[in-house]
Amino acid sequence: MRYLILLFLLTFILLMDASDSAAQNFPCFTTEMNEKWDLAHPGIAADRHRSDATIYNIITGAQQSRNTGATVYTLPVVFHIMHNNGPENVDDTIIQHAVEELNLRFQNSAPYYDSTGHPVMVQFCLASVDPFGNPTNGITRTVTLLTDLDGSLANDIALKNLDRWPPDLYYNIWVVHSILGTVAGYSTFPNSAGQAWDGVVAEYPYLNNSYVLAHETGHYLGLYHTFEGACTNFNCLIDGDQVCDTPPDNSSVGNPCMGNSCSTEMQDTSGFNPFVSDVDDLPNYMDYTWCPNSFSQGQATRMELATVNLRSNLLLSNGCGTNPGQPQPQAFFTISASPCNNGEVTVNDAGTLNAYTSDWDFDGDGIYEATGHNFTFTMAASGTYTVTQRAFGPGGMDSYTQVITVLKGNTFNYPIISYPQQVTDTIRACHGTVLTFEGDSAGTSWLWSNGATTASISVVADSAFALSLSMTDTNGVTWNNQCTPIYVLVYPSDPPVITYDDTLGYTCQGDVVTLYITNYNPGIYYWYVYHITTGWFNTGSHDTTYSHIPDPAYGSQFYVTYSNAAGCNSQSNIVLIQPQYTVYFQNAPLTVNGYTLSTPNSVHQAQWYNYGIPIPGATGLSYTVTSTGCYSKEAWFPGYPGCAVMSDTVCFLFAGVNDPMEDPIQFVANPAASALNIHLSHDRDEPVELSVYDLEGRKLLSRTHKSCSLAGGHEISVDISGLAEGYYLLVSSPNRTVHRFVKTATAR
């Protein structure tokens, strides 16, 4: 007896512990699953945003809606017990109690009353009429290994395909043994209404004395977690959980029961914010709190609006036996197979009458793999299939069956089975490459789009083209890949050619040479240069041109490599540039010996200049100065005048060299500060150029006076304000007279 009492106490403690755990905190997988559905089904996320916008517009008065003030909406519920003969195969009484508890929590009634809670005008009945119009207790049972879910979409839809009542007309709840080992449940949102995955999945321990079902049903009717969106609260109808009377919440931790995780209650100035100060979080069903006791008034309103506007078909259902006498559905559909040999079939049930939704069995196995209208489904393999439609409406169900034959190739481009590259649609080939394609050799005839009729063909890639194959097999069935042709893009593979402009026929020492590609093609280029000490090196330049000063002693060599997206690689010709030496470096100093100027003796040619003007006949290696001027020498090696260089400049000043009668220049004032005023006169009607040089022979400024033939001459002014103080030479041309003047800081 003592042992029986001890066993009873241990059992009671374990049960109480399990009950407390369920009532305190559990992991909900709704957010994660909806993210997966969004990725797998384009448009679902946008539908959810539109659903949220519908509720927002009703609350703000931008859209009319039915009055939900006093009407109680009753939704039919069906529980699918998905079990493997384990404890998840719960008794009917557990399910009945779960619905009673769900209704009491939605009513905010004892024993689940809370002073912070508000009743929701939505109730739930265990379905009494099944989709076929037959009596039911609202509970189905299916033996399956899928009672332990791994959280994947594949597991989820496979489970629901085993037993699903029309989600437009019934609230489907699937009961399983485990979800990811720890997750208690997950739900869809109203934007998934009528979809094959629509409904709630819950672990069996959380059906009694737990708020899990109330929590997931809240999601099913449009509620988010209270901690959705953290503390952001600029507009309580858009931010966070989109409910204004639930405080901003940034914590999913269950303990403490009602903490204060945000202080942004007063951030919202939209006019819908009910808070006048910072408050604690509520003991809310949509939180992970240890005291999940209530729905707020705003949450109740949101669920009522979602029921009326987003899940309204549930209100028309006869699942609760409250809408009898509705017209019987009449199923009908058309179906067509894709000509692309991809196994796709398109169904259209526009001819179906008195139905809200259709289930589809595409392979005759009794499992209805899809729910919806007018869509495309992909068969697993080639074959003849029996396709069955079940059309459901408030008046019951009707079915319709058709047989269809579909073709599905073994590969993306079937009947082409072998390609030159590991691709499915686009081949990039180098120009001139021979490409070999193979069709299925099991065929009896082949017709390629280029006219070839053999199983295997070879094609020279000389221009871009598309390729497809039509093949007849031994059963007389014709296969083709006309919907998925192979596109061949041809890329140039000819080597690049490089050169440079050479107008002289040679390059001079120190010149910058610019090389360029003469046959440019899109791709990547690398320039290489050879140096005697380092060998070939990559310059890192990808440009179509490259500039370089060749090595004066050994010259420089250049080439460029080319590659493109097709992997075509080639190398250009090698260009060698050997520059010609100059006589000396630019501005070599002149040697002055008395009045004789010279440079170091060398075998070269020369031309002497005075004030930058060639001196006729002065082509010797030296020159003797006889008049005032600034002299320089240009020198080059024989045969290479383009490599001529200038020496330094040396100036000489001879007093009295100018004949006063020939001199057209007379200074009005010398020294001068800012302007050099000159009296200019001569008897020729031709321009006179006046140039100012420093004593090192550098021309600093110049002015041309166009006419000087006026009687008695006239005065002109030369601006010298920019010159530094010192001695300068004023040279006139064509008279070649030279005058020295002084630039001062101020006029004297």
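## Helices H3 and H7

The axes of H3 and helix H7 (residues 297-309) cross at roughly 115° and come within 10 Å of each other. Axes here are lines fitted to C-alpha atoms, for helices over the stretch in contact, with angles running from 0 to 180 degrees between N-to-C directions. Helices themselves are DSSP runs (H or I, at least four residues), numbered from the N terminus. H3 and H7 are therefore roughly perpendicular to each other; that label covers 65 to 115 degrees, with under 35 being roughly parallel, over 145 roughly antiparallel and the rest oblique. The crossing of H3 and H7 is right-handed, as in the near helix being turned clockwise from the far one by less than a right angle.

Who does the touching? H3 brings Asp52, Thr54, Ile55, Ile58 and Ile59, while H7 answers with Arg302, Leu305, Ala306 and Asn309; contact means heavy atoms within 4.5 Å. By class, this H3–H7 contact has five nonpolar, two polar and two charged residues. For the classes, Ala, Val, Leu, Ile, Met, Phe, Trp, Tyr, Cys and Pro count as nonpolar, Asp, Glu, Lys and Arg as charged, and the others, Gly among them, as polar.

## What you're looking at

This is a predicted model, where local features need pLDDT of at least 70, side-chain atom pairs count only at pLDDT 80 or more, and totals for chains, interfaces and linings use all residues. Residues are numbered from 1 along each chain as its sequence is written, and side-chain values use heavy atoms, with hydrogens and water left out.

## Helices H4 and H6

Helix H4 (residues 92-107) and helix H6 (residues 212-220) have axes that come within 9 Å and cross at roughly 65°. That makes H4 roughly perpendicular to H6, and their crossing is right-handed. On the H4 side the contact uses Ala98, Leu102, Arg105 and Phe106; on the H6 side, Leu213, Ala214 and Thr217.

## Second largest cavity

About 60 Å³ of space lies in the second largest cavity. A cavity is a set of points, on a 1 Å grid over the protein atoms alone, where a 1.4 Å probe fits but cannot get out; lining residues have an atom within 4 Å of a point. Grid points are joined across faces, edges and corners, and a volume is the space filled by probe spheres set on the points.

Helix H3 (residues 44-59) gives the most to this lining, with four residues. Among the lining residues are Asp52, Ile55 and Arg302.

How values were computed: On a 1 Å grid over the protein atoms alone, a cavity is a set of points where a 1.4 Å probe fits but cannot get out, and a pocket is an open set with protein on both sides within 12 Å along at least five of seven lines; lining residues have an atom within 4 Å of a point. Helices (H or I, at least four residues) and strands (E, at least two) are DSSP runs, numbered from the N terminus.
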